[in-house]
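Student: I would like to learn how to read the features of a model like this one. Can we go through them one at a time?

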Amino acid sequence: MFLGWYEFFTSRLYRYEQFYSNWVSGKFTGKVYILRYDDLSKKFAEAVKSVVKMLADKEVDQNVLSCMIRNREGDFHRPAPNFTREDIFTRRDEARMQEVKERVDKKIKACMDEGLCVDIISGHV
């Protein structure tokens, strides 16, 4: 690993947690809508419909949705990396990331339980 990696990794992990914690802390006065990357990638059409409904209060045109589904990959693709995740992160790093993710998920759940956050896909408040 390169010099300073641990400090860089630690600071970015802290910033990630603080960013999401601030949004779901109740300091923001409006509703916080949650859309997880996993939901967007696994339930793309449902996610698009929900976001459009939330933003524009209307249904997505089926032709537009079909076009988005067909073209969701886009034209730009990065070349495959010549390294693996294991080359970058140690087991300890992975464990720390998992701990932070679990803390953030717990805060998001608490925010939804308090009615301050809404899961865009399920509509769960």
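Student: What should I know about the model before we start?

Tutor: This is a predicted model: local features need pLDDT of at least 70, side-chain atom pairs count only at pLDDT 80 or more, and totals for chains, interfaces and linings use all residues. Residues are numbered from 1 along each chain as its sequence is written, and side-chain values use heavy atoms, with hydrogens and water left out.

Student: How many salt bridges does a search of the whole structure find?

Tutor: Start with the rule: a side-chain nitrogen of Lys or Arg lies within 4 Å of a carboxyl oxygen of Asp or Glu. The search of the whole structure finds eight salt bridges.

Student: Which residue meets lysine 107 in a salt bridge?

Tutor: Glutamate 17 does, with N to O at 3.7 Å. Helices here are DSSP runs of H or I with at least four residues, numbered from the N terminus. Lysine 107 sits in helix H6 (residues 91-113) and glutamate 17 in helix H1 (residues 5-23), so the pair ties together parts 90 residues apart in sequence.

Student: Which residues are linked with Glu17 in a network of salt bridges?

Tutor: Arg103 and Lys107 are linked with Glu17 in that network.

Student: Which residue pairs with lysine 109 in a salt bridge?

Tutor: Aspartate 113 does, and the closest N and O atoms are 2.9 Å apart. Lysine 109 is partly exposed at 49% relative accessibility. Aspartate 113 counts as exposed at 51%.

Student: What about lysine 53?

Tutor: Lysine 53 forms a salt bridge with glutamate 59, with 3.5 Å between the closest N and O atoms. Lysine 53 is partly exposed, at 37% relative accessible area. Glutamate 59 is exposed, at 60%.

Student: How do I describe two packed helices?

Tutor: Two packed helices are described by the angle between their axes and the distance between the axes. Each axis is a line fitted to C-alpha atoms, for helices over the stretch in contact, and angles run from 0 to 180 degrees between N-to-C directions. Here the axes of H1 and H6 come within 9 Å and cross at roughly 10 degrees. That makes H1 roughly parallel to H6. The cut-offs are these: under 35 degrees is roughly parallel, over 145 roughly antiparallel, 65 to 115 roughly perpendicular, and the rest oblique.

Student: Which residues make the contact?

Tutor: Contact means heavy atoms within 4.5 Å. H1 contributes residues including Trp5, Phe9, Leu13 and Glu17. H6 contributes residues including Met97, Val100, Arg103 and Lys107. By class, the contact of H1 with H6 has nine nonpolar, two polar and six charged residues. In this scheme Ala, Val, Leu, Ile, Met, Phe, Trp, Tyr, Cys and Pro are nonpolar, Asp, Glu, Lys and Arg are charged, and the others, Gly among them, are polar.

Student: Which cysteines form a disulfide?

Tutor: The rule is a pair of cysteine sulfur atoms within 2.5 Å. By this rule the count comes to one disulfide. Cysteine 111 and cysteine 117 form a disulfide, with sulfur atoms 1.9 Å apart. The link is right-handed, with 80 degrees about the S-S bond. Cysteine 111 is buried at 2% relative accessible area, and cysteine 117 is buried at 0%. Cysteine 67 is partly exposed, at 34%.

Student: Where does aspartate 57 lie, and what is its phi?

Tutor: Aspartate 57 lies in the loop between helix H3 (44-56) and helix H4 (62-70). Its phi is near 55 degrees, a positive value in a residue other than glycine. Aspartate 57 is exposed, at 60% relative accessible area.

Student: What is serine 50 in contact with?

Tutor: Serine 50 is in helix H3 and counts as buried at 16% relative accessibility. Leaving aside neighbours within four places in sequence, serine 50 is in contact with Ile120 and Ile121.

Definitions and conventions
Helix = DSSP H or I, 4+ residues; strand = E, 2+ residues; numbered from the N terminus. Buried < 20%, exposed > 50% of the residue type's maximum accessible area, 1.4 Å probe, protein only.
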